[in-house]
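Visitor: I am new to this structure and would like to learn how to read it. Could you show me?

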Amino acid sequence: MLQRVIRSTVIDAPVERVWAVLRDFNSHDQWHDIVAQSRIEAGQASSQVGCVRAFTLKDGHFIREQLLTLDDAQHKFTYCIVEATVPLERYVSTVTLKPVTDGRRTFWHWESTFASPSGRENELRDMVAKGVYEAGFENLRRYLERGADLRAPGSAPMPVALPQPCRRVMLSAYGGPEVLVVGEGEVPPPGPGQLRIRQRAIGVNYFDVYLRRGWMPSLLPLPGTPGMEAAGTVIDVGDGVTGFMSGDRVAYMAPQPGAYASVRNVAADLVLRLPAAVDDEVAAALLLKGVTADYLLRDLGRVQPGARWLVHAAAGGVGLVLCSWAQRMGARVVGTVSSEDKARLARENGCEYVIVTRDYRFAEAVQRHFGDGADVIVDGLGDAARQENFNALAPCGHWISLGQATGALQPIDPDLLASKSATFSRPVAFAYVATRARLAERAQRVWDGLADGSIKRPPIERYSLEAASGAHERLESRRSTGALVLVA
Amino acid sequence: MIRVYVSSVIEASADSVWARIRDFNGLPSWHPMIADSRIENQQPSDRVGCVRHFHTRDGGMIRERLLALSDYDFACTYEIVESPMGVEHYVATLKLTPVTDGDRCFAEWSAEFDCAEGRERELTDLIGGGVFQGGFDALKRHFARR
């Protein structure tokens, strides 16, 4: 009786790339670990229908298989065993690839029918299904991840990449927005472990303002380029990098500034491939801000249903994500903003109550609304609102100092905290994405949140790289809503 | 002849996705663009040859005839009998294939049709991007929430 085996999987690469490897009937000794050596008999081309591949397996078996069909239009080939030391009889197998059009992935279907001696059916079915097909899926996946198909063994090395011209914001002095001036530069080919990225959209964060003002000269020495995150396309891949190829759409957040540029080299460990549904501007607008909201809610603030949160700058880049996500997770959210327009936006994004204030007076309103104050305060205001924040805090509350737009927060007296049994935190986002896996996990939650509607696509204000100073002016004026993005 | 092809991977078994989409009269329960649906002449919705009569949310009325239904292949083929879209000889197939290395399936939705010259792009976008991808996106959201 004939047995039938079907196995299928999804490979994270475009169908053309997978097909380029599989259509070579003699390539399996390069990508499939089970195969020791293979050759096409009689000197024929491996694309010649009717050709025979003769190969040995690592366990010593010898097999000859003939190509019966090769179909470039349908990405499909069929072959049969003509001779083997394994008792697989009348074995005919078909490989079919199909494009997954909504994510540039490949569906791979592998099926066969064969007969085997009675009593050995299970053993042989397992060998085909697991040893050949499932292992083959994994082997090819790894083969593509390390880019082995892009640089076949023994072939000529890739042409050496040349320096790329770029435009970048170069600070020669610290100061106001006017110090953000664009200059021409060159980006060398990526070093080992790096990717060279053509940046399309660059996220603007309040942190960039602190760097520009010279509050952290050790992080941004002069002359220097600010910016912590961007999205774009990989143009070159450095030595030792796996999992990326040129043309991949990517985004990153890096602990070292330098993102205000049209081209940049970035350590591949910091870089994520973008899902098709997330465009470059949304990625630049949301990666660092979304990851920030994610660790604030899940790790630092441990949001609980009914928890009372106070979020300042609730219509800002971080504020909008934080408020709508916190509300979805069951928290009660009060926001502060500086205008009525922003109040409307904050209400649409999860705030149950919004305080409009331009002079940082909010503690009394918060106390009144929440009964005895906020359990968690996310504070980007800094020193001017120091006393108000403390007054707005509930007993055993948690004051999270995320930024200091109004000036550096003066030291907090431990006894002051003791009077409310309060907790004070001063987190840095990059500590919460210390490993690539953590970063990928948090970013994935942000993209999932966008897809399921728990985060809305934020309003985005766009500026050219040359207008970076305008973007900073706008951010510091407190007139902007949502996220600011530089378009390179 | 214009051909539109859209495919996706849905994070649920072919059985459970098929249970959601098999009913030829069930579009309103899973496709966000469809407002209501009925089967003409009181026929059962899995009788090959039956005609579904439905409205899109923007008010368009469409009639489609079931040409093939296979619970074995998780596939269904239908043609448009009447619609405001301006397509002719429109035949579409929706098909699921299990992905054996996980609890998920590969979904394909394709159509072939004729149309007036110059409208190819617009109709391809509407059918492929709006109807087919819109349906897959809704299924992905539904099965991601479980």
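Guide: We will go through a sheet, a hairpin, a helix pair and a chain contact. This is a predicted model, where local features need pLDDT of at least 70, side-chain atom pairs count only at pLDDT 80 or more, and totals for chains, interfaces and linings use all residues. Residues are numbered from 1 along each chain as its sequence is written, while chains are lettered from A and ligands numbered from 1 in the order in which they are written.

Visitor: In what order do the 6 strands of the open sheet in chain A lie?

Guide: Strands (E, at least two residues) and helices (H or I, at least four) are DSSP runs, numbered from the N terminus. Two strands pair if DSSP finds at least two bridges between them. In chain A the order is 17-16-15-18-19-20, with parallel pairing. Strand 17 (353–356) and strand 20 (423–425) of chain A are the edges, each pairing on one side only. Within the sheet, strand 18 (residues 374–379) and strand 19 (residues 393–401) of chain A are joined by 5 bridges, and A:D379 stands opposite A:S401 in strand 19.

Visitor: What does a hairpin look like in chain B?

Guide: Take strand 3 (residues 51–56) of chain B and strand 4 (residues 61–70) of chain B, which pair in the antiparallel sense over 5 bridges. There are 4 residues between them, and B:G59 in the turn has a positive phi of about 100°. Across this pair, B:H53 stands opposite B:R63 in strand 4.

Visitor: At what angle do helix 4 and helix 12 of chain A cross?

Guide: Axes are lines fitted to C-alpha atoms, for helices over the stretch in contact, and angles run from 0 to 180 degrees between N-to-C directions. Helix 4 (residues 206–213) and helix 12 (residues 468–477) of chain A come within 10 Å and cross at roughly 110°. The two helices are therefore roughly perpendicular (65 to 115 degrees).

Visitor: Which residues of helix 4 and helix 12 of chain A meet?

Guide: Residues are in contact if their C-beta atoms, placed from the backbone, lie within 7 Å. A:Y206, A:V209 and A:R212 in helix 4 meet A:H472, A:L475 and A:E476 in helix 12.

Visitor: How many residues of chain A are in contact with chain B?

Guide: On the chain A side 17 residues take part, in contact with 15 residues of chain B. Strand 1 of chain A gives the largest share of the chain A side, 5 residues.

Conventions:
Parallel < 35°, antiparallel > 145°, perpendicular 65-115°, else oblique. Contact = placed C-beta atoms within 7 Å.
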